[in-house]
Each structure stands twice: as structure tokens, then as C-alpha cells.
Amino acid sequence: MTVNVQKRRRYRVRRMTRELPAEREMSPGRRLYMLLTVIAAAGAFVGAYTYSGGEINAGGGFVSAFVTSLCSVGIYVLLFFFGGLSAAGQPMGYILCFFKGLGTGYLAAYAACAMKSGNVCAALNILPFEAVSMVTVILGARENIRMSSYISGRSFGASGEASDEGSLRLYLAKFALILLTGIAAAAMRGLMAAVL
């Protein structure tokens, strides 16, 4: 059986113009994660742009750096957790994600200036923790928005397939993992502060 060039070309054109299968489309959770990442990146850009050359205390011992880092991530996680349990908690996810981006951008600009001046230890003490804590905050914001929209939908009569108890149990499990990620990031920052 021979296949001529025209049939091959028609098959190629049909294959390229065919609709994407449903499994290749982006899920709503992934779209929300991408939107929150863009919002946090915009905040980081604004924070880096407004950096004016201030001094940041990046040192300290293990305990000091661990407690400071855990508090900075823990406040966001708690705000997201309690905001997600209300019907009006959705805007909080977007706003706090932007503010975390502001702080990260400011610290990243400080780290870049510290590296230019030869203080690589200060940059290594800040940047890994800020990267992990930014992902932690984005994940917390996503869960906050999803649970808050679920609660507001149930408040206005939308019927969901999942039970309220199962949704709350899943919400608690996800935030436990997010909090563990924040604790691991704070421990990493404490170890970096102790070593460097």
C-alpha cells in the first residue's frame, strides 16, 4: 500500500488543526495557580523596583532565623486558612499574594545588591527561603480562594457533589501540608543562617 504526498499532507493538516483533547486543557486549579503566580510576580517586580538600598538583617543564629521565618510564613498561612472559611475570603487571597510578592521583590533586590558588593552569604541566606515561601503562599492563596468560592456557592444555593465534611477534611489536610512546607522552609533558613 502506497501513501502519496497529498494524503500525507492532508493528514498532517488535519492533525495540526484538530481540537485539543480534554485532558490537555488547563484545569481551573492550574489556571488559578497561574493567575496567583502572575499577581505575586507583579508584586515582586514592584517591590524590586521600589528598593532604595536599605539594610536588612539577614544573619542571626538558627533559632532567631527560624522563628522569624516561621512567623513571616505562618501569618500568611493563618490568614489564608481563616479567610477560606468565610464566603468573603476570596479577595484576601489575591491581595495577600500581591503583598508577599512585594516583600519578596524587595528582599530579592537587596540580595542582588549584596551579591554585587561581594556579600554572597547574605543572598544565599535570603533567596532559597523566599522562593519556597513564595510557593507556599501561592498554594495557600489558591486553597483559600477555592474553599471560599465553595462556601459562597453553597451559601447561595449551589449544590455540590462533595459533602461539606469531606471538603473541610480535604481543606484541613491541604493546609497541614502547606504549613509543613513553611516549617521546612523556615528550618532551611535557620540552617543557612547558622552555617553562613
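**Entry 1: α2 against α5**

I began with a pair of helices, and found that the axes of α2 and α5 come within 10 Å and cross at roughly 130°. I am working from a predicted model.

Next I listed who makes the contact. From α2 come Gly-29, Leu-32, Tyr-33, Leu-36, Thr-37 and Ala-40. From α5 come Met-134, Val-135, Ile-138, Leu-139, Ala-141, Arg-142, Ile-145 and Arg-146.

**Entry 2: the whole chain**

I stepped back to count elements. The protein chain has 6 helices and 0 strands. Its pattern along the sequence reads α-α-α-α-α-α. The chain has 196 residues, and 33% of them count as buried.

How much of the contact count comes from residues 24 or more positions apart? I took the contacts with a separation of 6 or more, and such residues account for 85% of them.

**Entry 3: the cores**

I looked up the largest nonpolar core and found 22 residues in it. Leu-36, Phe-80, Cys-97, Ile-138 and Phe-175 have the most contacts inside this core. The elements giving two or more residues to it are α2 (28-49), α3 (62-84), α4 (90-116), α5 (120-155) and α6 (164-195). Which of them gives the largest share? It is α5, with 7 residues.

I noted another core too, lying apart from the largest one. It has 7 residues, among them Leu-107, Ala-109, Ala-122 and Ile-126.

Then I went back to Leu-36. I left aside its neighbours within four places in sequence. Leu-36 is then in contact with Gly-93, Tyr-94, Cys-97, Ile-138, Ala-141, Arg-142 and Ile-145.

**Entry 4: α3**

I checked the length of α3.

Which residues of α3 are buried? I wrote down Ala-65, Ser-69, Val-73, Gly-74, Tyr-76, Val-77, Phe-80, Phe-81, Gly-83 and Gly-84.

**Entry 5: two single residues**

I picked Phe-62, which lies in helix α3. Is Phe-62 buried or partly exposed? Its relative accessible area is 36%, so Phe-62 is partly exposed. Leaving aside neighbours within four places in sequence, Phe-62 is in contact with Ala-187, Gly-190, Leu-191 and Ala-194. I also checked Phe-62 against Arg-189, which is 127 residues apart from it along the chain. Their C-alpha atoms are separated by 8.0 Å.

Last, I picked Thr-104 in helix α4. Thr-104 has a relative accessible area of 13%. Buried means under 20%, so Thr-104 is buried. With neighbours within four places in sequence left aside, Thr-104 is in contact with Glu-130 and Met-134.

Definitions and conventions:
Residues are numbered from 1 along each chain as its sequence is written. This is a predicted model: local features need pLDDT of at least 70, side-chain atom pairs count only at pLDDT 80 or more; totals for chains, interfaces and linings use all residues. Side-chain values use heavy atoms; hydrogens and water are left out. A nonpolar core is a set of buried Ala, Val, Leu, Ile, Met, Phe, Trp, Tyr and Cys residues joined through side-chain atoms within 4.5 Å. Buried means under 20% relative accessible area, exposed over 50%, partly exposed in between (1.4 Å probe, protein chains only). Helices (H or I, at least four residues) and strands (E, at least two) are DSSP runs, numbered from the N terminus. Contact means heavy atoms within 4.5 Å. Axes are lines fitted to C-alpha atoms, for helices over the stretch in contact, and angles run from 0 to 180 degrees between N-to-C directions.
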